[in-house]
Amino acid sequence: MNLDLTKYSDKTLCLIYKEYINDKKKVFSTHNIESDFPNVNREEFRYSLDELKSNKLINLDILGNYSLTSDCIIYMEHRFQNKVDKVIDYISKLIP
């Protein structure tokens with residue numbers, strides 16, 4: 001899968017995937033922007049979620065509830081080999 005994402009959307013995807021790795025029991029449940037990421041810029045985060053949805057990486061409703069798609073999980077597993085330290089290292093490089 002070849003994706004063209006903005007850096008902010010890529011960072012958002014990595015943050016969401018990090019949460020998935022930390023608690024796989026919640027992967028197919030619905031999550032909400034407000035409760036999962038209280039300290040992010042809502043407008044930018046919502047834009048990123050829209051971009052991820054258009055790339056079929058997440059399901060997203062109008063209330064800001066989202067869930068990972070199977071394609072997303074497969075893509076991220078191949079990208080980071082399911083290692084949270086690799087995800088965290090990548091995220092830290094994206095933070096200005």
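A residue counts as exposed when its relative accessible area is over 50%, and as buried when that area is under 20%. Keep those cut-offs in mind on this walk through a predicted model.

**Stop 1: a loop residue**

Start by selecting Lys 56. You will find Lys 56 in the loop that links helix H3 (42-54) to strand S2 (58-60). Now check its backbone: phi is positive, about 60°, although Lys 56 is not a glycine. Is the residue buried or exposed? Its relative accessible area is 58%, so Lys 56 is exposed, given that the cut-off for that label is over 50%.

**Stop 2: helix H1**

Next, select residues 7-22, which make up helix H1. The helix has 16 residues, and from first C-alpha to last it reaches 22 Å, close to the 22 Å expected at 1.5 Å a residue. Colour the buried positions of H1: they include Leu 13, Ile 16, Tyr 17, Tyr 20 and Ile 21.

**Stop 3**

Now show the strands. Three of them form an open sheet in the order S1-S3-S2, with antiparallel pairing. Strand S1 (31-32) and S2 are the edge strands, each with a single partner, so one side of each has no neighbour in the sheet.

Zoom in on S1 and strand S3 (residues 65-68), which are joined by 2 bridges. Here His 31 stands opposite Tyr 66, and Asn 32 is opposite Asn 65.

Move across to S2, which pairs with S3 in the antiparallel sense over 3 bridges. Which residue of S3 is the bridge partner of Leu 60? Select Tyr 66, and you have it. In the hairpin of these two strands, 4 residues lie between S2 and S3, and Gly 64 has a positive phi near 90°.

**Stop 4: both faces of S3**

Stay with S3 and show its side chains. In a regular strand, side chains alternate between the two faces of the sheet. On one side of S3 are Asn 65 and Ser 67, on the other Tyr 66 and Leu 68, and all are buried, so both faces are covered.

Finish by bringing H3 back into view: this helix lies across S2 and S3 and runs at about 120° to S2.

Terms used
Residues numbered from 1 in each chain as written. Predicted model: local features only at pLDDT ≥ 70, side-chain atom pairs only at ≥ 80, totals over all residues. Heavy atoms only, no water. Expected span 1.5 Å × (residues − 1). Buried < 20%, exposed > 50% of the residue type's maximum accessible area, 1.4 Å probe, protein only. Pairing = 2+ DSSP bridges. Contact = heavy atoms within 4.5 Å. Axes fitted to C-alpha atoms, helices over the stretch in contact; angles between N-to-C directions.
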